[in-house]
Amino acid sequence: METNMDAKTRYKAKKIKIVFFDIDDTLRNVETGYVPASVTRVFSQLREKGIYTAIASGRGIFGVPEEIKALQPDFYVTLNGSYVIDRKENVIYEERVPNPLVQDFIAWAKQVGIHYGLVGSHQAALSDRTEEMSQAIDPIYPNLPVDPDFATKHPIYQMWTFETSKKIDALPKALGQELRLVRWHPISSDVVLDQQSKAHGVSKVVEKLGFKPENVLTFGDGLNDLELFDYAGLAIAMGNAQDALKAKADYVTKKLEEDGILHALEELKMVEKELHLPQTKMDQETGPIATIHTNYGDLKIRLFPDQAPKTVANFIALAKDGYYNGVIFHRIIKDFMIQGGDPTGTGMGGESIYGESFEDEFSEELYNIRGALSMANAGPNTNGSQFFIVQNQHLPYSKKEIARGGWPEAIAEIYAEEGGTPHLDRRHTVFGQLMDEVSYQVLDTIAAVETGAMDKPKEDVVMESIDIEGEA
């Protein structure tokens with residue numbers, strides 16, 4: 001589960017000028033190839049804000065999937081920092097493994113009886129191929145050739161171990177003075193120059209841009225991200241990350257499949273939240289439906305349990321218990337709203353299923369537009385059983401003026417064209433919306449009844465019963 005985002009972490013985000021992303025199980029599920037659609041929006045919004053994007057991976061550029069290249073990152077830190085290029089493949093930095101060291105590694109691998117791989121900047125080869133090796137390497141680099149002499153023909157930037165018969169946790173002393181292992185698979189480690197890491201490669205990009213580590217945000221999930229997490233000004237671990245990496249993170253976000261990158265950047269306020277505004281697409285909603293049968297006709301309402309779960313549960317339970325049967329709309333104000341739900345009919349009574357007043361559930365996705373079902377209250381967090389339906393059809397403001405006040409444009413347009421009560425937003429919990437034209441006609445008919453003292457109808461407007469279809 002993700003950690004809470006604190007103010008200090010959000011403050012760090014204000015200094016970020018470049019974001020580095022690991023590929024496997026950060027941007028893309030290594031087993032299925034799944035890349036969340038939200039990732040495209042993330043790259044686009046960061047670009048619009050003038051923030052650089054970059055890949056920092058143990059993969060070579062030849063192993064970067066096309067769907068990741070299609071995101072058009074500005075830089076690629078590949079092969080654990082050994083080969084760094086920009087989008088046009090101009091080399092920013094490279095560090096080759098000296099050939100004598102490569103030959104020493106090959107000799108050692110043969111001596112201890114393990115298979116190996118040799119990695120160039122744009123291609124790689126295996127010393128042999130077994131089923132276990134294929135299972136490890138093919139999801140990243142399918143169909144690599146078998147060529148034990150690859151190093152005699154190509155510069156080498158790193159190597160791989162393939163430990164199909166024995167586990168190798170350390171290199172011998174002579175090799176270990178210049179090389180180190182970076183475990184990436186149960187049977188395989190990257191073998192890189194001791195000074196090489198993603199962090200080292202990232203530092204070369206940062207230096208080129210004239211930035212500082214505090215300007216760097218990184219996302220990762222694996223042990224080869226440890227040094228980068230120490231280097232970066234802000235480090236975010238995926239929900240599926242290794243525990244050792246989570247321990248170093250400023251924030252642990254959701255898993256890849258749960259749009260973890262988008263979630264973190266929204267929390268950091270580095271990308272705009274994509275709001276689901278159910279009132280703007282009622283034909284696509286699938287939540288429960290409440291039909292309030294009145295002596296003036298039916299009011300058919302779609303409920304929104306995703307945004308207001310406790311409020312919807314309260315309303316549904318009361319309705320099913322017959323709590324509202326025979327209860328009047330005790331307060332009706334034309335060009336404003338109709339209010340009911342108090343069994344005493346006075347506006348002073350009513351109880352929730354929770355036995356006491358319960359808290360508001362304000363959502364950035366629901367608004368008091370015309371036709372909204374909203375909770376009546378006596379101040380913050382005093383919800384009980386009473387509710388109202390917004391009836392106002394006219395607002396003296398344009399869409400532009402309303403949007404300037406901070407409302408989403410789609411909601412501002414509805415307010416401007418159809419009416420509502422925007423001054424009640426963040427003061428009353430919206431939890432439903434009228435569904436059809438007949439219901440709006442009934443709403444307007446009820447709103448037009450003659451009222452007396454305290455805006456109470458002179459002749460009762462009664463909720464005869466409420467039917468519920470579907471479950472919250």
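Strands here are DSSP runs of E, at least two residues, numbered from the N terminus. Glu464 lies in β22.

Buried, exposed or partly exposed: which applies to Glu464? Glu464 is partly exposed, because its relative accessibility is 46%. Buried means under 20%, exposed over 50%, and partly exposed in between (1.4 Å probe, protein chains only).

**Provenance.** The model is predicted: local features need pLDDT of at least 70, side-chain atom pairs count only at pLDDT 80 or more, and totals for chains, interfaces and linings use all residues. Residues are numbered from 1 along each chain as its sequence is written, and side-chain values use heavy atoms, with hydrogens and water left out.

**Aromatic pairs.** I listed the aromatic pairs and got 17. Ring centres of Phe, Tyr and Trp (its six-membered ring) must lie within 6.5 Å; planes under 30 degrees apart are stacked, over 60 edge-to-face, the rest tilted.

One of the pairs is Tyr52 with Phe75, which is tilted, at 6.1 Å centre to centre and 50 degrees between the planes. This pair links distant parts of the chain: Tyr52 sits in strand β2 (residues 52-56) and Phe75 in strand β3 (residues 75-78), 23 residues apart. Tyr52 is partly exposed at 31% relative accessibility. Phe75 is buried at 6%.

I next checked Tyr354 and Phe358, an edge-to-face pair with 5.1 Å between centres and 70 degrees between planes. Tyr354 has a relative accessible area of 31%, so I log it as partly exposed. Phe358 has 2%, so I log it as buried.

**Ring cluster and a neighbour.** Ring pairs link Phe315, Tyr323, Tyr324, Phe329, Phe387 and Phe431 into a cluster. I followed Phe329 to Gly340: their C-alpha atoms are separated by 4.0 Å, 11 residues apart along the chain. Gly340 is in strand β18 (residues 337-340). Gly340 counts as buried because its relative accessibility is 0%.

Technical notes: Helices (H or I, at least four residues) and strands (E, at least two) are DSSP runs, numbered from the N terminus.
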